[in-house]
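Subject: Handing over a structure, with notes

Dear colleague,

I am passing on to you the structure below, and I would be grateful if you could look through it with the notes that come after it.

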Amino acid sequence: MSASEWHADDIVNTVSAESSDLAEKIECDAPFGRHTTYRVGGYATCAVEVSSVAELLMIGNAATSRGAPLAVLGRGSNTLVSDLGWHGVVITLGPFSDWIKADTAGLKTGEDLIIEVGGAVAMPVLSRRMASIGVTGLEWMVGVPGSIGGAVRMNAGGHGAELSDAIVDADIVDLRRGEQERWRLDRLELDFRSSALSNHHVVLSARFRGSMSDPDLVSTRVEDIVRWRREHQPGGQNCGSVFVNPVPGEVSAGALIDGLGLRGFRIGSAEVSTKHANFIQADSDGQADDVCAVMKSVRRQVFDATGYDLRSEVRLFGFDDVAAGGHVGDTV
Ligand SMILES: Cc1cc2nc3c(=O)[nH]c(=O)nc-3n(C[C@H](O)[C@H](O)[C@H](O)COP(=O)(O)OP(=O)(O)OC[C@H]3O[C@@H](n4cnc5c(N)ncnc54)[C@H](O)[C@@H]3O)c2cc1C
(Lines give C-alpha, C1' and ligand atoms only; values in the text may rest on other atoms or scores of the structure.)
Protein backbone atom coordinates (compact mmCIF):
# COMPACT_ATOMS: atom_id res chain seq x y z
CA MET A 1 0.00 0.00 0.00
CA SER A 2 1.47 3.41 -0.90
CA ALA A 3 1.53 6.26 1.62
CA SER A 4 -1.41 8.03 -0.05
CA GLU A 5 -3.75 5.03 -0.25
CA TRP A 6 -4.68 4.77 3.42
CA HIS A 7 -7.62 6.41 5.16
CA ALA A 8 -8.25 7.51 8.73
CA ASP A 9 -10.66 4.58 9.19
CA ASP A 10 -7.84 2.14 8.40
CA ILE A 11 -5.84 3.47 11.33
CA VAL A 12 -8.82 3.53 13.71
CA ASN A 13 -9.88 -0.02 12.76
CA THR A 14 -6.36 -1.40 13.07
CA VAL A 15 -5.94 0.16 16.51
CA SER A 16 -9.41 -0.89 17.73
CA ALA A 17 -8.47 -4.54 17.16
CA GLU A 18 -5.92 -4.05 19.97
CA SER A 19 -7.38 -1.29 22.14
CA SER A 20 -10.81 0.30 21.91
CA ASP A 21 -9.69 2.94 24.45
CA LEU A 22 -6.88 4.11 22.19
CA ALA A 23 -9.07 3.89 19.07
CA GLU A 24 -11.62 6.18 20.73
CA LYS A 25 -8.93 8.77 21.40
CA ILE A 26 -7.92 9.03 17.73
CA GLU A 27 -9.16 12.28 16.25
CA CYS A 28 -9.80 12.24 12.49
CA ASP A 29 -9.32 15.40 10.45
CA ALA A 30 -7.62 16.91 13.47
CA PRO A 31 -6.29 20.48 13.83
CA PHE A 32 -2.52 20.42 13.28
CA GLY A 33 -1.32 23.90 12.26
CA ARG A 34 -3.30 25.40 15.13
CA HIS A 35 -1.07 23.51 17.58
CA THR A 36 2.11 25.13 16.30
CA THR A 37 3.55 28.47 17.37
CA TYR A 38 2.88 29.71 13.82
CA ARG A 39 -0.83 29.04 14.46
CA VAL A 40 -1.45 28.75 10.71
CA GLY A 41 -1.92 25.71 8.47
CA GLY A 42 -4.40 22.89 8.09
CA TYR A 43 -5.41 19.56 9.51
CA ALA A 44 -3.83 16.14 9.95
CA THR A 45 -5.65 13.01 8.81
CA CYS A 46 -5.36 11.56 12.34
CA ALA A 47 -4.03 12.75 15.68
CA VAL A 48 -3.80 11.08 19.03
CA GLU A 49 -2.36 11.79 22.47
CA VAL A 50 -0.84 8.62 23.87
CA SER A 51 -0.80 7.91 27.59
CA SER A 52 1.77 5.08 27.71
CA VAL A 53 4.58 3.43 25.77
CA ALA A 54 2.19 0.59 24.97
CA GLU A 55 -0.19 3.03 23.27
CA LEU A 56 2.72 4.62 21.43
CA LEU A 57 3.73 1.24 20.05
CA MET A 58 0.13 0.42 19.04
CA ILE A 59 -0.39 3.62 17.05
CA GLY A 60 3.09 3.30 15.58
CA ASN A 61 2.37 -0.24 14.47
CA ALA A 62 -1.02 0.72 12.97
CA ALA A 63 0.46 3.62 11.01
CA THR A 64 3.46 1.63 9.81
CA SER A 65 1.40 -1.39 8.74
CA ARG A 66 -0.93 0.88 6.71
CA GLY A 67 1.93 2.83 5.12
CA ALA A 68 0.84 6.02 6.87
CA PRO A 69 3.48 8.67 7.61
CA LEU A 70 3.68 9.64 11.25
CA ALA A 71 5.30 12.32 13.33
CA VAL A 72 5.50 13.33 16.95
CA LEU A 73 4.43 16.87 17.75
CA GLY A 74 6.08 18.47 20.75
CA ARG A 75 5.22 22.12 21.40
CA GLY A 76 5.04 22.92 17.70
CA SER A 77 7.66 25.65 17.93
CA ASN A 78 9.64 24.41 14.93
CA THR A 79 6.84 23.16 12.71
CA LEU A 80 5.00 24.67 9.76
CA VAL A 81 1.95 22.86 8.35
CA SER A 82 0.64 23.54 4.84
CA ASP A 83 -2.79 25.17 4.51
CA LEU A 84 -3.91 21.96 2.78
CA GLY A 85 -2.92 20.01 5.88
CA TRP A 86 -0.93 16.81 6.09
CA HIS A 87 -1.94 13.26 5.19
CA GLY A 88 -0.38 11.56 8.19
CA VAL A 89 -0.74 10.55 11.82
CA VAL A 90 0.30 13.08 14.45
CA ILE A 91 1.23 11.72 17.88
CA THR A 92 1.55 13.78 21.04
CA LEU A 93 2.95 12.53 24.34
CA GLY A 94 0.59 12.74 27.31
CA PRO A 95 1.37 13.43 30.99
CA PHE A 96 3.21 10.10 31.35
CA SER A 97 6.12 11.80 29.59
CA ASP A 98 5.93 15.11 31.51
CA TRP A 99 8.18 14.68 34.54
CA ILE A 100 11.52 15.88 35.94
CA LYS A 101 13.79 14.04 38.42
CA ALA A 102 16.80 15.76 39.96
CA ASP A 103 18.05 14.58 43.32
CA THR A 104 20.21 17.31 44.88
CA ALA A 105 20.18 15.92 48.43
CA GLY A 106 23.61 16.14 50.05
CA LEU A 107 25.29 17.72 47.01
CA LYS A 108 27.71 20.63 47.52
CA THR A 109 28.42 23.56 45.21
CA GLY A 110 30.39 22.41 42.17
CA GLU A 111 29.30 18.78 42.41
CA ASP A 112 27.66 17.17 39.38
CA LEU A 113 24.32 15.42 39.14
CA ILE A 114 22.18 13.68 36.54
CA ILE A 115 18.83 15.27 35.67
CA GLU A 116 16.22 12.94 34.16
CA VAL A 117 13.50 14.56 32.06
CA GLY A 118 10.45 13.30 30.15
CA GLY A 119 10.21 14.11 26.44
CA ALA A 120 7.06 16.21 26.84
CA VAL A 121 8.60 18.64 29.36
CA ALA A 122 8.82 22.23 28.13
CA MET A 123 12.39 23.53 28.08
CA PRO A 124 11.58 26.81 29.89
CA VAL A 125 9.91 24.79 32.67
CA LEU A 126 13.01 22.62 33.06
CA SER A 127 15.31 25.64 33.06
CA ARG A 128 13.33 27.46 35.75
CA ARG A 129 12.90 24.32 37.86
CA MET A 130 16.67 23.77 37.83
CA ALA A 131 17.32 27.42 38.70
CA SER A 132 15.00 27.14 41.69
CA ILE A 133 17.09 24.30 43.15
CA GLY A 134 20.45 25.82 42.21
CA VAL A 135 21.35 23.48 39.34
CA THR A 136 23.38 25.15 36.60
CA GLY A 137 23.90 24.06 32.96
CA LEU A 138 20.44 24.37 31.43
CA GLU A 139 19.80 28.12 31.83
CA TRP A 140 19.77 28.69 28.04
CA MET A 141 16.70 26.47 27.69
CA VAL A 142 14.49 29.19 29.18
CA GLY A 143 14.59 31.01 25.84
CA VAL A 144 13.58 28.08 23.63
CA PRO A 145 9.84 27.37 23.71
CA GLY A 146 10.02 23.69 22.68
CA SER A 147 9.79 20.32 24.39
CA ILE A 148 12.72 18.16 25.45
CA GLY A 149 11.79 15.67 22.69
CA GLY A 150 11.84 18.38 20.02
CA ALA A 151 15.09 19.73 21.46
CA VAL A 152 16.85 16.37 21.19
CA ARG A 153 15.61 15.89 17.62
CA MET A 154 16.79 19.39 16.69
CA ASN A 155 19.85 19.63 18.94
CA ALA A 156 18.39 22.95 20.07
CA GLY A 157 20.69 25.58 21.47
CA GLY A 158 21.26 29.20 22.25
CA HIS A 159 23.37 31.68 24.23
CA GLY A 160 26.58 29.82 23.44
CA ALA A 161 25.29 26.39 24.49
CA GLU A 162 23.47 23.55 22.86
CA LEU A 163 21.74 20.40 23.98
CA SER A 164 24.69 18.23 22.99
CA ASP A 165 26.82 19.96 25.67
CA ALA A 166 24.73 18.56 28.52
CA ILE A 167 22.90 15.45 27.32
CA VAL A 168 24.14 12.06 28.47
CA ASP A 169 21.67 9.78 26.68
CA ALA A 170 18.01 9.47 25.66
CA ASP A 171 15.36 6.77 25.76
CA ILE A 172 14.07 6.36 22.22
CA VAL A 173 11.11 4.39 20.91
CA ASP A 174 11.52 3.19 17.34
CA LEU A 175 7.96 3.05 15.99
CA ARG A 176 8.94 1.00 12.96
CA ARG A 177 10.74 -1.70 14.88
CA GLY A 178 8.41 -1.51 17.87
CA GLU A 179 11.20 -1.30 20.43
CA GLN A 180 12.61 1.02 23.07
CA GLU A 181 16.33 1.58 23.51
CA ARG A 182 18.68 3.92 25.34
CA TRP A 183 20.76 5.91 22.84
CA ARG A 184 24.06 7.31 24.04
CA LEU A 185 25.36 10.67 22.86
CA ASP A 186 27.45 9.32 19.97
CA ARG A 187 24.50 7.40 18.50
CA LEU A 188 22.30 10.52 18.56
CA GLU A 189 24.79 12.20 16.15
CA LEU A 190 23.86 15.67 17.37
CA ASP A 191 25.06 18.37 15.01
CA PHE A 192 24.04 21.98 14.40
CA ARG A 193 20.22 21.79 14.66
CA SER A 194 20.16 18.17 13.55
CA SER A 195 20.36 14.61 14.89
CA ALA A 196 20.20 11.00 13.73
CA LEU A 197 16.51 10.84 14.70
CA SER A 198 13.80 10.41 12.06
CA ASN A 199 10.02 10.75 12.23
CA HIS A 200 9.66 7.17 13.42
CA HIS A 201 11.82 7.84 16.49
CA VAL A 202 10.20 9.15 19.66
CA VAL A 203 12.18 10.72 22.47
CA LEU A 204 10.55 9.40 25.63
CA SER A 205 13.04 10.97 28.03
CA ALA A 206 16.59 12.23 28.23
CA ARG A 207 19.27 12.53 30.89
CA PHE A 208 21.41 15.63 31.33
CA ARG A 209 24.46 16.53 33.33
CA GLY A 210 24.16 19.57 35.61
CA SER A 211 26.10 20.88 38.58
CA MET A 212 25.26 22.54 41.85
CA SER A 213 25.48 26.30 42.18
CA ASP A 214 23.83 29.18 44.01
CA PRO A 215 20.07 29.36 43.16
CA ASP A 216 20.20 33.18 43.10
CA LEU A 217 23.07 33.18 40.57
CA VAL A 218 21.36 30.64 38.31
CA SER A 219 18.03 32.50 38.53
CA THR A 220 19.75 35.78 37.63
CA ARG A 221 21.24 34.16 34.51
CA VAL A 222 17.82 32.81 33.56
CA GLU A 223 16.21 36.24 33.94
CA ASP A 224 19.04 37.86 31.92
CA ILE A 225 18.33 35.45 29.06
CA VAL A 226 14.59 36.17 29.22
CA ARG A 227 15.32 39.91 29.09
CA TRP A 228 17.74 39.50 26.16
CA ARG A 229 15.14 37.50 24.22
CA ARG A 230 12.43 40.12 24.79
CA GLU A 231 14.76 42.87 23.60
CA HIS A 232 16.15 41.08 20.51
CA GLN A 233 13.44 38.75 19.25
CA PRO A 234 9.91 39.41 18.07
CA GLY A 235 6.81 37.98 19.67
CA GLY A 236 3.78 36.91 17.65
CA GLN A 237 3.39 33.95 15.32
CA ASN A 238 6.75 32.49 14.28
CA CYS A 239 9.03 29.50 14.77
CA GLY A 240 12.20 31.27 15.84
CA SER A 241 15.03 31.10 13.29
CA VAL A 242 13.74 29.77 9.98
CA PHE A 243 17.05 28.89 8.31
CA VAL A 244 20.05 27.05 9.72
CA ASN A 245 23.23 29.11 9.88
CA PRO A 246 25.22 27.94 6.81
CA VAL A 247 28.55 28.04 8.66
CA PRO A 248 27.74 27.82 12.37
CA GLY A 249 29.69 30.36 14.41
CA GLU A 250 30.92 32.13 11.27
CA VAL A 251 28.16 32.86 8.74
CA SER A 252 24.65 33.37 10.09
CA ALA A 253 21.53 33.13 7.96
CA GLY A 254 20.19 36.26 9.67
CA ALA A 255 23.24 38.31 8.64
CA LEU A 256 22.93 37.14 5.00
CA ILE A 257 19.23 38.05 4.89
CA ASP A 258 19.90 41.35 6.65
CA GLY A 259 22.68 42.12 4.18
CA LEU A 260 20.11 42.09 1.37
CA GLY A 261 17.85 44.53 3.22
CA LEU A 262 15.07 41.98 3.46
CA ARG A 263 13.67 42.92 6.87
CA GLY A 264 10.00 43.67 6.29
CA PHE A 265 9.95 41.76 2.95
CA ARG A 266 6.36 40.57 2.66
CA ILE A 267 4.29 38.14 0.59
CA GLY A 268 0.59 38.12 1.45
CA SER A 269 0.17 37.49 5.16
CA ALA A 270 3.82 36.73 6.02
CA GLU A 271 6.93 38.85 6.32
CA VAL A 272 10.57 38.78 7.35
CA SER A 273 10.58 40.19 10.87
CA THR A 274 11.71 43.80 11.18
CA LYS A 275 13.32 42.87 14.51
CA HIS A 276 15.26 39.72 13.53
CA ALA A 277 16.04 38.92 9.88
CA ASN A 278 15.97 35.12 10.34
CA PHE A 279 12.43 35.16 11.76
CA ILE A 280 9.42 35.06 9.43
CA GLN A 281 6.21 36.28 11.02
CA ALA A 282 2.70 35.19 10.10
CA ASP A 283 -0.24 37.54 10.53
CA SER A 284 -3.04 36.38 12.77
CA ASP A 285 -5.45 34.56 10.43
CA GLY A 286 -2.51 34.30 8.01
CA GLN A 287 -1.63 31.58 5.53
CA ALA A 288 1.08 28.94 5.93
CA ASP A 289 1.59 29.03 2.18
CA ASP A 290 2.59 32.71 2.45
CA VAL A 291 5.22 31.81 5.07
CA CYS A 292 6.53 29.15 2.70
CA ALA A 293 6.50 31.60 -0.22
CA VAL A 294 8.61 34.07 1.80
CA MET A 295 11.00 31.23 2.65
CA LYS A 296 11.38 30.25 -1.00
CA SER A 297 11.92 33.82 -2.14
CA VAL A 298 14.43 34.64 0.61
CA ARG A 299 16.30 31.43 -0.11
CA ARG A 300 16.50 32.25 -3.83
CA GLN A 301 17.56 35.87 -3.24
CA VAL A 302 20.29 34.86 -0.78
CA PHE A 303 21.57 32.19 -3.16
CA ASP A 304 21.63 34.57 -6.14
CA ALA A 305 23.45 37.27 -4.16
CA THR A 306 25.86 35.25 -2.03
CA GLY A 307 25.98 31.64 -3.27
CA TYR A 308 24.85 30.32 0.13
CA ASP A 309 22.00 27.81 -0.27
CA LEU A 310 20.01 28.19 2.94
CA ARG A 311 18.48 25.07 4.50
CA SER A 312 15.33 25.35 6.52
CA GLU A 313 15.47 24.73 10.26
CA VAL A 314 11.68 24.62 10.54
CA ARG A 315 10.11 21.21 9.81
CA LEU A 316 7.68 21.45 6.92
CA PHE A 317 4.60 19.24 6.69
CA GLY A 318 2.60 18.98 3.47
CA PHE A 319 4.80 21.27 1.35
CA ASP A 320 7.09 20.88 -1.61
CA ASP A 321 10.05 20.87 0.79
CA VAL A 322 12.80 21.20 -1.73
CA ALA A 323 11.93 24.68 -2.97
CA ALA A 324 11.83 26.10 0.55
CA GLY A 325 15.13 24.45 1.46
CA GLY A 326 13.12 22.22 3.68
CA HIS A 327 13.62 19.25 5.84
CA VAL A 328 11.24 16.55 4.71
CA GLY A 329 8.64 16.45 7.43
CA ASP A 330 6.34 13.86 5.97
CA THR A 331 8.29 10.67 5.50
CA VAL A 332 8.24 7.75 7.91
C1 LIG B 1 10.25 32.38 19.62
C2 LIG B 1 11.08 31.16 19.29
C3 LIG B 1 12.43 31.15 19.62
C4 LIG B 1 13.21 30.02 19.33
N5 LIG B 1 14.52 30.03 19.66
C6 LIG B 1 15.28 28.95 19.44
C7 LIG B 1 16.66 28.91 19.82
O8 LIG B 1 17.19 29.86 20.38
N9 LIG B 1 17.37 27.80 19.57
C10 LIG B 1 16.81 26.71 18.98
O11 LIG B 1 17.50 25.70 18.80
N12 LIG B 1 15.52 26.71 18.59
C13 LIG B 1 14.74 27.79 18.81
N14 LIG B 1 13.43 27.79 18.42
C15 LIG B 1 12.88 26.62 17.69
C16 LIG B 1 12.26 25.53 18.55
O17 LIG B 1 11.80 26.03 19.80
C18 LIG B 1 13.22 24.37 18.81
O19 LIG B 1 13.64 23.77 17.59
C20 LIG B 1 12.62 23.28 19.68
O21 LIG B 1 13.62 22.33 20.00
C22 LIG B 1 11.44 22.55 19.00
O23 LIG B 1 10.78 21.78 20.00
P24 LIG B 1 9.21 21.45 19.83
O25 LIG B 1 8.82 20.54 20.91
O26 LIG B 1 8.43 22.70 19.73
O27 LIG B 1 9.26 20.70 18.44
P28 LIG B 1 8.10 20.56 17.35
O29 LIG B 1 7.97 21.81 16.56
O30 LIG B 1 6.88 20.03 17.99
O31 LIG B 1 8.78 19.44 16.43
C32 LIG B 1 10.02 19.73 15.78
C33 LIG B 1 10.61 18.40 15.31
O34 LIG B 1 10.90 17.60 16.46
C35 LIG B 1 10.18 16.38 16.40
N36 LIG B 1 9.76 16.01 17.75
C37 LIG B 1 9.01 16.73 18.61
N38 LIG B 1 8.86 16.05 19.77
C39 LIG B 1 9.52 14.87 19.61
C40 LIG B 1 9.73 13.73 20.45
N41 LIG B 1 9.23 13.62 21.68
N42 LIG B 1 10.46 12.70 19.95
C43 LIG B 1 10.97 12.76 18.69
N44 LIG B 1 10.81 13.81 17.85
C45 LIG B 1 10.09 14.85 18.32
C46 LIG B 1 9.00 16.64 15.47
O47 LIG B 1 8.53 15.44 14.88
C48 LIG B 1 9.64 17.59 14.47
O49 LIG B 1 10.39 16.88 13.51
C50 LIG B 1 12.61 28.90 18.72
C51 LIG B 1 11.25 28.91 18.40
C52 LIG B 1 10.48 30.02 18.70
C53 LIG B 1 9.02 30.02 18.37
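Predicted model: local features only at pLDDT ≥ 70, side-chain atom pairs only at ≥ 80, totals over all residues.

Residues are numbered from 1 along each chain as its sequence is written.

The chain is divided into domain 1 (8–96), domain 2 (98–232) and domain 3 (253–313), with bounds that come from an automatic or database domain assignment. The C-alpha centres of domain 1 and domain 3 lie 30 Å apart, and their contact takes nine residues from domain 1 and eight residues from domain 3, where two residues are in contact if their C-beta atoms, placed from the backbone, lie within 7 Å.

Around the ligand there are 35 residues, of which the closest are Gly74, Gly146, Gly149, Gly150 and Gly240; a residue is near the ligand if its C-beta atom, placed from the backbone, lies within 6 Å of it. Strand S3 (70–72), helix H5 (148–154), strand S9 (157–158) and strand S13 (201–212) are the elements that give two or more residues to this shell, and H5 gives the most, with five residues. Helices (H or I, at least four residues) and strands (E, at least two) are DSSP runs, numbered from the N terminus. By class, the shell around the ligand has 13 nonpolar, 19 polar and three charged residues, with Ala, Val, Leu, Ile, Met, Phe, Trp, Tyr, Cys and Pro counted as nonpolar, Asp, Glu, Lys and Arg as charged, and the others, Gly among them, as polar. Domain 1 and domain 2 each supply at least three residues of the shell.

Turning to the helix pairs, helix H1 (residues 8–16) and helix H3 (residues 53–65) pack at an angle of about 130 degrees, with their axes 9 Å apart. Axes are lines fitted to C-alpha atoms, for helices over the stretch in contact, and angles run from 0 to 180 degrees between N-to-C directions. H1 and H3 are therefore oblique to each other, since angles under 35 degrees count as roughly parallel, over 145 as roughly antiparallel, 65 to 115 as roughly perpendicular and the rest as oblique. In H1, Ile11, Thr14 and Val15 meet Met58, Ile59, Ala62, Ala63 and Ser65 of H3.

The axes of helix H4 (residues 123–132) and helix H8 (residues 215–232) come within 7 Å and cross at roughly 150 degrees, which makes H4 roughly antiparallel to H8.

With best wishes
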